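Here is a walk through the inside of this protein, from its open pockets to its packed cores. Have the chain in view as you read.

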Amino acid sequence: MTTARTLTTVTVVGASLAGLHAARGLRSLGYDGRLVVVGEERHRPYDRPPLSKEFLTGDGDPGEGPGRLALTDPEEEAELDAEWLLGVRAEALDTAAGEIRLTGGRALRTDGVVIATGATPRTLPLPRLDGVHTLRTLDDATRLRAALRAGAARVVVIGAGFIGAEVASSCAALGLDVTVVEAAPLPLVPQLGEEMARVCAGLHARGGATLLCGTGVAGLRGSVRVTGVELTDGRVLPADVVVVGVGVRPVTGWLEGSGLALEDGVRCDEGCVTALPNVVAVGDVARLAQPGTARTVRAEHWTSGMLQGAVAARNLLAGATVEPFEALPYFWSDQYGARIQYAGRRASGDTVRIVEGAPADGGGFLAVYERGGISTAALGVDRPRPFMRLRRELARAPQPAGR
């Protein structure tokens, strides 16, 4: 592949939030060569967070296509001047030939590549029955939305992570009987720590859903359509709709044999650059090195995907890493009428201190995680303004070693 300074064609593989921002970054930095965007879905880039929330409850656009979820409009698309290859899947990357092989046998010559293929839902070894859903794409959400309106009364959500909790919240808001099954003793402990995870788990009961922890799924009942979920503790939960939300895995199968390092994502340096300077990765698929540590991190957060695009574009055009990605991790989740916001780099062993509000009262609060007297992260529930102020302070402050 040619050097980045002589790029004539850049291909963004993944018509996603991260891919779109990489394309925007390339154009804003003056790249005026051929720009191709390959997307496995038939849709232009759209916003995913509403899919588990207002889209399901009926407040989102009910029409065909992204509608109000669209991240671009015709005017911006004209300014991007990109070739959109939608409904097309990348099947292989041949770095020696400088080609991406697409479905249908087409070979796309390219000098630079932005990998933005994101992630796909993990599945469980369960029979394929009608009424069993995963949620990742607009088409997934459209099918689930239709199922929830087709007379469903009882919903079982498998997995109490953020997506599972948001789906459960939406189903409860629709007046459905909702049970959430979580194999771990408590959900979200890796992200929030045990104390705060316990507080957030209480939102399920507050919202009218039943949370069952410490038990797994043994199987499904039903022949053609699901009628129930069998748990490993022997219980059977009646179900008209089942949503499996047990995490995601990065979409990297098409990169096998490319020479890129694959390790639960595409291994990159701190600037989203792979071992090949003409190949960068962004979003859920990118596993970035953390400066000053031996750690690598793959962030499945909207904000990271958005911000990485500009950094990756700059480094791709430079042919080397001239700018690291240093944004403070941030995510939010809307559950049962409460907004959860988190920013920072909490580590096991960090202490947590409530600085505003009282979680025990069931209301909003603001908490700070600390290590050696230094704030490392913040968690807010229904405290948007003080949380954002604390987030800005964390972004400016030096972080303790070993983050």
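Let's start with the second largest pocket, which holds about 470 Å³ of space. Of its 16 lining residues, Thr123, Arg128, Val132, His133 and Thr134 are the closest to the centre. Three elements each bring at least two residues to this lining: β8 (119–121), β9 (132–133) and α4 (138–148). By class, the lining has 7 nonpolar, 4 polar and 5 charged residues.

A few ground rules before going on. This is a predicted model, where local features need pLDDT of at least 70 and side-chain atom pairs count only at pLDDT 80 or more, while totals for chains, interfaces and linings use all residues. Residues are numbered from 1 along each chain as its sequence is written, and side-chain values use heavy atoms, with hydrogens and water left out.

As for the terms, pockets and cavities come from a 1 Å grid over the protein atoms alone: a cavity is a set of points where a 1.4 Å probe fits but cannot get out, a pocket is an open set with protein on both sides within 12 Å along at least five of seven lines, and lining residues have an atom within 4 Å of a point. Grid points are joined across faces, edges and corners, and a volume is the space filled by probe spheres set on the points. Helices (H or I, at least four residues) and strands (E, at least two) are DSSP runs, numbered from the N terminus. Ala, Val, Leu, Ile, Met, Phe, Trp, Tyr, Cys and Pro count as nonpolar, Asp, Glu, Lys and Arg as charged, and the others, Gly among them, as polar.

How many cavities of 30 Å³ or more are there? The count comes to 1. The largest cavity has a volume of about 50 Å³, and its lining includes Ala160, Leu188, Cys200 and Gln335. Helix α7 (residues 194–206) gives the most to that lining, with 4 residues. By class, the cavity lining has 7 nonpolar, 2 polar and no charged residues.

Now for the packing. A nonpolar core is a set of buried Ala, Val, Leu, Ile, Met, Phe, Trp, Tyr and Cys residues joined through side-chain atoms within 4.5 Å. The largest one has 48 residues, and Val10, Ile100, Leu102, Val114, Ile115 and Trp254 touch the most other members. Helix α1 (residues 17–28) gives the most to this core, with 5 residues. A second, separate core of 45 residues includes Ala160, Phe162, Val167 and Val241.

Gln308 sits in helix α8 (residues 302–318). It counts as buried because its relative accessibility is 3%, where buried means under 20% relative accessible area, exposed over 50% and partly exposed in between (1.4 Å probe, protein chains only). Leaving out residues up to four places away in sequence, Gln308 touches Cys272, Val282, Gly283, Ala286, Leu288 and Phe325, contact being heavy atoms within 4.5 Å.

Leu188 lies in the loop between β11 (177–182) and α6 (189–192), whereas Asp264 is in the loop between β17 (248–250) and β18 (266–268).
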